[in-house]
Amino acid sequence: MKSTAMKRLSAFLFLIFFVTITIYLTAVIIRVPSIGAYVLPQDNAGFFVVSLAPGGQAKMNGLQIGDRVLEINGKQANEFPNLLKYDSLEDADNVLIERRGSSIISITFAKAWSGEHTTLELLLQLYIPGISLFVFCAFSAFLYVKRNHDPAAIMLILFFSSIGISYYSSSASILRDPVGLSIIYVVLPTIPLLYMSFMNIYLRRFDASLIDKRWLVVLFGIVGAVSASSLIYIWTDLLSNETFNYIKNAYSAIVLIGNLVCVYKLVLKYMKHRFTKLHSLFTITLTAHLVAFTPFAALNLLPQLFGNDQVLPPAFTALFLFVLPIVYFYLSTSNQLFDIDFILTRFKYYTALSLLPALLLAAVVTLAAQAPDGGAWSKFIGSFVIVYVGMTLFLYAKEQIDQRFRPRLFKAMYSYQDSLDRFSRNVAKVMKQGDLESVLKNEINQLLPVGRITFLIVDQSEHAVFPMSDEHEEMVTADFLLGTVNAFKLGDLIDLPFGLGLVIGKQRSRYHVLWIGMKTNHTKFNSDEIRWLKTMANYSSIVFENLYLIEGLIEDLQSEVRKEHAPSPWVLRMLFLLSENERRKLAADLHDSALQDQLLWYRRLESIMMDHPLSEKLGNELEAIKEGLLDVIHQIRETCNELRPPLLKEMGVVEAVESIIEHTQMRVNFEVKFRSKPIQHELNEEQITAIYRIVQELLRNADKHADAKVITLELELRKDMLYFRYQDDGIGMDVEGMAESFEHMGLSGIKERVASLDGEISFVSERGRGLEVTILMPVMIEGARTERGITGDSYLIS
């Protein structure tokens, strides 16, 4: 309880502090419009304007790069604090400048709470950073509500909050506000370290880590030292400007190094786990980090580090940080990972496609916007990045839009896909070759305006095509097919002299070809139609081959069954599997239809009897009907259980036999004694079903014919053989020469069922001395393969 209370108090205090800072920064941003001029001393010649921020007052009021600043607020330039400390004109009321060594110009800057901000300035310094802060805070709040017990989520909240507040305070830092500058110099360098801390905590669930804790402590120490030096410079006058230049370079370096360490560690983890279950996780994290931080590092930090102007304003490059909350929020809350490899494959294609157009367009834009102050390469790189990223994202977005909206807006373009879906559903019902041909012909007639759809047989051995007539088109087509038959492949699309041919099947030396005549509108087959026909040919060839194999299998089965001697075990086994499958379907049909209807009528009758006053005679009649319905319901349930016993595989063979004995004892007059030993092996469902059916048939036979008092059953495992013994004290029978009795009593079915599982069975009986049945069959372990590759748990029993 104390821990929970402390967590809530910490969260509340953090929220109060965060909201207070946000309100303060907002007031700073809107209090005074930004001037946006960067001024540096040059060779003791004075202070010169070296860069102008977009949307600032300096650019709007006519200040130009190269202007020499003479006075600020009526005093010498070297007396203005912000110029000396930050090389900035922020907070200046007016400046006196010298342009090109001749003209002297006075420029005044507005000082107001509202009305003087340009739209571009508000966009770059308030709207975009403010929306970003809101998004990061929304993700953080949701994470806290859902996962406040998870340390990884708490660290992720700090990570998101640091990014959001750093981005937002960048606008105040441009105005040289000490609080905004402090956040930038303290919080921003810790963002990569917070990320690494989050990854260390998150990866604990996978028994992995991103970086050694000792290195992380060292990095925090370095960042702390630079941040402390920055704060001393910002809030005091103890450090010189030259010292702060070193601090700024160190600051840019540690931010860059922090991100490089992240990338380096992620690359190492990706290489280590690229063939493990963590492959997708590290691919996602590496990609997210590169996309989020590379633009800011390459276009803002690196130029600053080497003393050059930033290629793009931070407000633009920081937009890529939106990748982080989306990806890491997804990682923290989802149980499955998206297919990053598929997405990267698409982006590789689109980045390659966009490269040349982006280069050309960036060059044109740079030449058209060439300014006298130079900076061509900076403008070119900035234009290229914007165009390249924009085109890549546009192409990817177009693909997503095509998938979601194009089928609705342009339905005719997707009729081929609808046709394939319809065709695949229809061929699932096909049972013979003629049905396949009919479905294929109907589908082609629906989509293509063709005058001929003919099924041909090209016999390679007899060098003949049939059916064919003496018409010119048919004779030419036949000659063409015979001349190219050696190159035929299943699923091929052939250009015929008068149309197209689809090779849909092959039987020995005979190819089955669908001849599609010329289009009645006298146009060629377009690329969509050809692709659709090729797909139809592939579908049809697969179905045709399956029909051919099934036809051959049926012929083999019929041949086996016609033989004078007993069919092969695999044939018997397949027949029993089919029988069990039909039993299951019948049981399901009875349960889902007849039984449910009976229950419905029973409840309606019960409701009527309770809700309406009835005479004694009518009440008795309805009560009798009600009891009769209950009997019918019970009988249907019993029939369903006999057709397909529930949970047969889950019970095991011993429990299955005990179950049927329990049900039998409730309706017969003889006693059943069952002796068993634990079966160590897990038998497959087919063998359990066989034992169940054998016991079921023997007990049914005893009830009808044996007139027995006591029946003994034994079941155990003997040297990897399943041993089963049945014995009763009934009237017995003459085993010799009583085949008709075998048929009548179902014993021949038991014999065949044992034979289907490669088992042995013996019958011992005499008149007046009961019947003894002994069965030995090899144990069939679950999933084992048997003759003809049939698995023990066949799909036919389901």
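Q: What makes β14 and β16 paired strands?
A: Seven bridges join β14 (residues 721–728) to β16 (residues 771–778), and two strands pair if DSSP finds at least two bridges between them, so they qualify. The two run antiparallel, with Arg-725 standing opposite Thr-774 in β16. Helices (H or I, at least four residues) and strands (E, at least two) are DSSP runs, numbered from the N terminus.

Q: How should I read these numbers and values?
A: This is a predicted model, where local features need pLDDT of at least 70, side-chain atom pairs count only at pLDDT 80 or more, and totals for chains, interfaces and linings use all residues. Residues are numbered from 1 along each chain as its sequence is written, and side-chain values use heavy atoms, with hydrogens and water left out.

Q: Why do β12 and β15 count as edge strands?
A: The open sheet runs β12-β13-β14-β16-β15, with mixed pairing. β12 (671–676) and β15 (760–765) each have a single partner strand, so one side of each is left without a neighbour in the sheet.

Q: Why is the pair Phe-423 and Tyr-539 called stacked?
A: Rings of Phe, Tyr and Trp (its six-membered ring) pair if their centres lie within 6.5 Å; planes under 30 degrees apart count as stacked, over 60 as edge-to-face and the rest as tilted. Here the centres are 6.4 Å apart and the planes sit at 15°, so it's stacked. Phe-423 lies in helix α15 (residues 415–427) and Tyr-539 in helix α18 (residues 527–562), so the pair ties together parts that are 116 residues apart in sequence.

Q: What makes Phe-159 and Phe-160 a tilted pair?
A: Their centres are 6.0 Å apart, with 35° between the planes, so by those ring cut-offs the pair is tilted.

Q: How do you know whether Phe-423 and Tyr-539 are buried or exposed?
A: Buried means under 20% relative accessible area, exposed over 50%, partly exposed in between (1.4 Å probe, protein chains only). Phe-423 has 0%, so it's buried; Tyr-539 has 34%, so it counts as partly exposed.
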